[in-house]
Structures are given as C-alpha cells and as structure tokens.
Amino acid sequence: MTAMPDTRRLLLRALLVAVLAIFLAQALFPFAWMAITAFKRDSDLYNPTNNPFLFNEPPTLAHFRLLFTETKFPRWVVNTAWVGLATVLITLVLSLPAGYALARLRGRLGQNLGIAVFLTYLIPPTLLFLPLSQIVSGIGLQDNTWSLVLTYPSLAVPFVSWLLMGFFRSLPQELEEAALVDGATRFTAFWRVLLPLAVPGILTAVIFTFTLAVNEFIYALTFVSISDLKTVSVGVPTDLIRGDVFFWGAIMASALVVSLPVALLYNAFLDRFVEGLTAGALR
Amino acid sequence: MRRFTRRQLLAVLSSSAAAGLLASCAGQATPTPAPAGGATPTKPPASSPTAAAAATPTARAASPTVAATPTRSGPVTLKILQWSHFVPDYDKWFDQWVQEWGAKNNVQVVSDHINYADIPARAAAEVSAQSGHDLFAFGFPPSQYETEVVPLNDLIADLKKQYGDYYPLLERSCYNPKTDVWYSFMDFWAADPILYRKDLFDQVGKTPDTWQDILEAGRQLKQMGNPIGIGFSPEIDTGMAMRTIMWGFGTSIQDANGNVVINKPETLEALQFAKQLFQEAETEEVLAWDASSNNRLLVSGRGALILNAISAVRTAESTYPDLAPKIAIAKTAAGPRDRKGCAHWYNCFVIWKFSPNVDVAKQFLKDLVAAYTDAFKASKFYNIPSFPKAVPDWQQLVQNDPNANPPDKYAVLATAPDWTVNVGWPGYMNAAEAEIFDRWIINDMFTKVATGQASPEDALAEAERQIQDIFKKWKDRGLI
C-alpha cells in the first residue's frame, strides 16, 4: 500500500529536479560562457577546432588587462554606478509617495490614474530620445551625466509607482489608521508604519531601477559622447567593437565584471525580491 | 499637532524633490569634461607636415566668426565625432594628432568616438537638439542631411588648388549637382575587395576574377564544406555586394542623370545569377547575417570567399597567424559587362549648421589632409585618401607590407580607384539612394528571389515601385 505513494513521490521529485536543472542550466549558461571567454587566450578562443567550453590553453588575464589599461572601463563603471544610484534615489523619492497615493485613492479616479501612469511606461525610449535631446540641450546638460540622471527616472518611475501601488495595497489600511488614531500625521504614519513594512517592495524597486539604469543604451548614446563621461553600456561597444571587428574576450570580461555585482545583489535579496513582485498580485 | 492632508503631503514631497533636483543641477551647471584622448602636448613635433598651414588656423581661430561665439571665453573648443576605427592604433594616432593640432592653433579639441552602428541615432539626436559636435563623420554619404550642414564648396576648392584632382569617388559621394552643394568631405574611403582562401581556390583550380568563376568554384567549395560568404540579409555588406553584382551585370538603380532605370533585363539576369550563387555555393546562414558575420566565417577557417574591407585580413593577421597567409586579396569580380564595386567605408565629415566654429572646422579638415601620410600608415592601409597627392606614394606603400605574408598581399589595393565607385553609380550619390540603401530595398529584392519567395520579375516590380516613390519624394524636396 505504501509502495505506490513512495514511487510517485520519487518520480515527482525527479521531475522537479529535472525541471530545476533545465532552468538552472539556462540561468547559469550565460555566466559560464562569459567566464570561459573572458579568461581564454585569443589563440584558444578563435581556433574553430578547439572545444569552446574548455580551456584548451592555460587561462589568461590579458582581456582584463586590455579592459582596465587600454580603455576607460574603470571610469565607465564609476559613471554607471553614480548614474544608477542617483536614478534609484530620484525614482524612490517620486514613486514612494506616488505609489502610496495611488494605493489609497479608492474608486474610479485611483484606478484611472494608476492605468494612466502605467501607460506612460509603454512609450519606448526610441520614440522619446529625439524630443528629449532637445530638452537636454535646452537646459544645457548635453555631455553631462546629469542628463541621464534626470531622464532615466522617466523610464523607471511609472513602473515602480505601479509596483509600489500594488505593494501598498497589500498592506492593511488599519495599521496606518491606528497610527492616525494615536495622533500621528499622515506623513508620520507613512514614514514610521508603512515604509518599514514595504522594504521588500522598495528593494524590488531599487534592483529594477538600478538594472534599468545600467542597461539603458539609447539615452546614454545620444546625450553623452565624451569618453570620460560614458556609461558601461555605451563605452564598451564604442571601444571594443571596432567596425566589424569584435574584441570578444574583453567584451565578455566587461560583461562579467558588471553583471556579477548585480547578480549577487539579486541573490542576496531574492526572497524579498519575489515577495515584492508578488505582493500586489495576491491581494 | 497639525495634520497634513494627502494633497499637502504630495505637494511638500514634490516641491522638496524639485528643489533638490534644481539645486543639484545648479551645482553641475558648468561641467568641465576632460577631452578624450591623451594629454595635450606642450610642443608640436618639429617635423609636422602641417607646419606650412599652421599660421592660417591661428589667425582664423581669432577671427570674428569664432570670437563672436556666445558663452565662450578663452580658446575655441572644436568637437569632433567619428566611429571607433577598426584599427585601435589609428584612433590613438588621430586623438594625439588632434591634440597637437589644437595646441598649435590655440584650439581645444574634443575627439569623441562611437560604434559605427550608432552613428545614425547620434546624428538624428544632434540635428534634433541643434547642438553637439562641430565636425561629425558618417561612414556613408549623408545626403539626406544636406539642408542641415554647412556647404563645403570653398574647402574643396582650396584642397583642389593645393593637391590637384581628387578621386571621382569623392565628388560622386559628397556633391549634389542639382543644388551645386558639397555637403560633406570624405577624407578617406576604404576599398571593398574580394578576400578569399587562395589554398582552397587553388584546390579547385580557380581564381575569383569573375562572378562566373566564383559561382563555379563555389559549387565545388560548398561540397568541400567551404561555402562562399556573401550575405543575403538586411545589413550593409549585403547592400554593397548586391550593388556590386548589379553593376557587373550592367544594371543599376539610377542612370548618370538620376533617372530610375532598374527595370531592365540586366537586373533580372543579376537576380537569376544571385539566386544560383546562393543556392549552389552558399549555406542558409547568410540569410541571418549581420555586418560582422562574413568576417567570422572567413576567420573561422570555413569560409572560402567574402567581400569586405581589409579589416578581416588584418584581424586574421593578429589573431589567426596560421590562417592569415592563406587569405588573398583580389579586385572586385567582373560581371559580363563591367567590373565595379562599392567602397566599404566612406568617411564623410559634415559641419552642422549649428556649429559656431565653421572656419576652424574647415581649417582642421585641410590640415588633416596635409597629415594624411601618417594617417594612411596608422590605419594599416585602410584609409585610402580622397586626394591621391596627399599621400603621393600610397600605391607604392601597399606593394610591400613587412607585416603581411606575402609582403605584397595588399598590392591589389593600388588598383582600387579603378574599380571602386559610389553608391548610386553611375549617377551621383543622393538622398534617394541613401534611403534605398538604409531601407534594404535592394537586399530584400535579391533575398526574395534567392530564397524563392518571389520570382525575379515580381521582386523587381516591387522594388521598382518603392524606389520610384522614394525618388519622387526627394525630387519634390528639391534635392535630386
């Protein structure tokens, strides 16, 4: 009588492991490929008779040397970090109150406003970069990283506001009402009661916004052209793709250096991230 | 305790955020970005070839045109944007040279580089914003921007006086006979020869001199696992190769006077040939190619022949030392009626109308031409000068490259001016030809026939309809 359930449980477990293994391989393959290519010698990398997944010759740091000594990569990383962090800050300052307000605005007005905010997220940057370039030039921010810091929130704020709106809606309104009854102002209730509970949502917003700022290309290309001020997303293709010649080793080294911290960040806050993304959906 | 309403809370937060942002912006109001490239040298080299011309730019830099520039104090800043050259050493040479030029002429020069594929987006943004670089280099004649740029007729006249005749390619790529405007200046162009595996062609007893030779050899080479590598996809190398085939078969999009003449039997013949080439000598991978795919096929050791600039061979020399000696360079292939091929790169500088430094920019271009012997060498023979007398011995230099195996590998480049023509040949390059190229209309026509999606007649009729519309549009705008 007990053999059947055990077998079934084992089969289910095997199926689960197999599915997880497929997802794991899919998730890890880009990193493995980046790492292998970044440390491979050119003579190994470009030899079509060699196994591309193995080190057929001893590994090398030559691509990292090229990246850090022959290009302005360290500077681009600093620029990217500054632009990313500033974008996160501005996005949070705007989206936290916006998300909270939308969550608490009941009725048709709140719904319509929420949809309107989300619709602006659907307008692609490729449509906006020309008119925005006029604005950036008009306020004298051409070739200045502030042009990115001020325009990137236009990409992040709608989605983050929407995301935080869902998260705030999942928090019981009774908590802040209790605070208001105890004499707290609306702001105090928001700051002291709701924000500590909203940490998973805020972390999700931070990771999303930072990743968006690191990945963004078209604004970074059109608003900043001075080499010292470029971000990684523009600097790397500029210096490591020359005409139709690709410096694959160094390109992969740069991708590895930039993506590892973000991947670790995701990993460190994975449970919170999932909680933040799904909280609104359960309400 | 005072209670905030929801509206008050939002108002306070919004105004706080706005105030913070404005304060931050004010702190950055006067950015002082460092120019790209190396440090500014304090002393120009004694043997500078631009010495004779140096006095002029200094005087011009102080001319009222420049001095009247608003918001500027101190030396003029000349901003230049061009692609990241495939030879990194050329960019190093250029960036150092511009700093030396700037120091000599009391001009602060900012030299920026971007990936070639990003040039159109950047150009569109600069025109939209009416600000950006003074000198902007395209890789393709920017005919569609004629109304946005400063005419360079006087610059060309001065250069012609100094260096004599230019290659016809310069005029046919940068001049509009309808408006009598030189809208750009091409300091160099790159040839697009045939790069082929000599060892493989020797095995089948052929040389790729004609398109028929390539087809016949390709049939056997494909069987050996070494296909021909000419793209049939929406990318620039395909656009060039298909035009080269058309010219070889005696057809073109327009005639010498700018009339659309593509609908003729020779085009159908070219389409039939390309279909055979694709089906009998190539593999289906060429349908999904980008501009670098043919390079990769060649250096993988699998490809037998591609049409490309010498960058693919230079890459092989630096990264595939065993393969490089097997790669040979040949003239563009002859068709039944002609031997003409596209240039691979047209380095066309424009000066935007919004530039406050027009005279300085023109002087820069003159002095760049004067320095072209060094530029040609730094580019490893990639940059063929538009004014041959700017590098009088360039055709001798390519005969012997000590780094090449054999040393005369690049000798055929000396003949490139004879068989390299502009996009739009036998007419002038114009905005319609540029749009047709950008929209891959010729690529699509050939690909549809090669893959059997359309008959040659139908594909040609569809392409002609689009081409006529585009020509009409630009004729209505007065640019053709």
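The model described here is a predicted one.

## A loop proline

Pro392(B) lies in the loop that runs between S12 and helix H16 (394-397) of chain B. Because 12 other C-beta atoms are found within 10 Å, Pro392(B) counts as exposed. Between Pro392(B) and Val181(B) there is a separation of 211 residues in sequence, and their C-alpha atoms are 28 Å apart in space.

## Domains of the two chains

In chain A, the division is into domain 1 (3-39) and domain 2 (74-282), and the C-alpha centres of these two domains of chain A are 32 Å apart. Four residues of domain 1 of chain A and six residues of domain 2 of chain A take part in the contact between them. On the side of domain 1 of chain A that touches domain 2 of chain A, three residues are nonpolar, one is polar and none is charged.

In chain B, the assignment gives domain 1 (51-190 + 345-397) and domain 2 (194-342 + 430-476), with 31 Å between the C-alpha centres of the two domains of chain B. Here 10 residues of domain 1 of chain B are in contact with eight residues of domain 2 of chain B. The side of domain 1 of chain B that touches domain 2 of chain B is made up of six nonpolar, three polar and one charged residues.

## Where the chains meet

The contact between the chains draws 47 residues from chain B and 39 residues from chain A. On the side of chain B that touches chain A, the elements that supply two or more residues are helix H1 (6-27), S2, H5, helix H12 (293-299) and helix H13 (311-319) of chain B. By class, the residues on this side of chain B are 25 nonpolar, 16 polar and six charged.

## The sheet of chain B

Six strands of chain B make up an open sheet of mixed pairing, in the order S2-S1-S3-S11-S6-S12. Its edge strands are S2 and strand S12 (384-385) of chain B, each of which pairs on one side only. Strands of a sheet pair through backbone hydrogen bonds, in either the parallel or the antiparallel sense.

Although S2(B) is an edge strand, seven of its eight residues are buried.

## Two helices of chain B

Helix H5 (residues 119-129) of chain B has as its buried residues Arg122(B), Ala123(B), Ala125(B), Glu126(B), Val127(B) and Ala129(B). The cover over these residues comes from both chains, and includes helix H6 (125-138) and helix H11 (218-223) of chain A as well as strand S1 (76-83), strand S2 (107-114) and strand S3 (135-138) of chain B. Just after H5(B), Gln130(B) has a positive phi of about 55°.

In helix H6 (residues 153-163) of chain B, the buried residues are Leu155(B), Ile156(B), Leu159(B) and Tyr163(B). These residues lie on the same side of H6(B) because they cover an arc of only 95° around the axis. They pack against strand S5 (181-182), strand S6 (185-190) and helix H14 (358-370) of chain B, while the face turned away from the buried side carries the exposed residues Asp154(B), Ala157(B) and Lys161(B). Just after H6(B) comes Gly164(B), with a positive phi of about 75°.

## The largest nonpolar core

In soluble globular proteins, nonpolar side chains tend to be buried together. The largest nonpolar core in this model has 220 residues, of which Trp189(B), Leu195(B), Ile245(B), Ala274(B), Val350(B) and Phe446(B) touch the most other members. The element that gives the most to this core is helix H7 (residues 146-170) of chain A, with 16 residues.

Which residues is Trp189(B) in contact with, leaving aside its neighbours within four places in sequence? The contacts of Trp189(B) are with Leu169(B), Ala343(B), Trp345(B), Tyr346(B), Asn347(B), Ile384(B) and Ser386(B).

How values were computed. Residues numbered from 1 in each chain as written. Chains lettered and ligands numbered in written order. Predicted model: local features only at pLDDT ≥ 70, side-chain atom pairs only at ≥ 80, totals over all residues. Buried ≥ 20, exposed ≤ 12 C-beta atoms within 10 Å, placed from the backbone. Helix = DSSP H or I, 4+ residues; strand = E, 2+ residues; numbered from the N terminus. Contact = placed C-beta atoms within 7 Å. Nonpolar A, V, L, I, M, F, W, Y, C, P; charged D, E, K, R; others polar. Core = buried A, V, L, I, M, F, W, Y, C linked by C-beta atoms within 7 Å. Domains from an automatic or database assignment. Arc of directions from axis to C-beta. Pairing = 2+ DSSP bridges.
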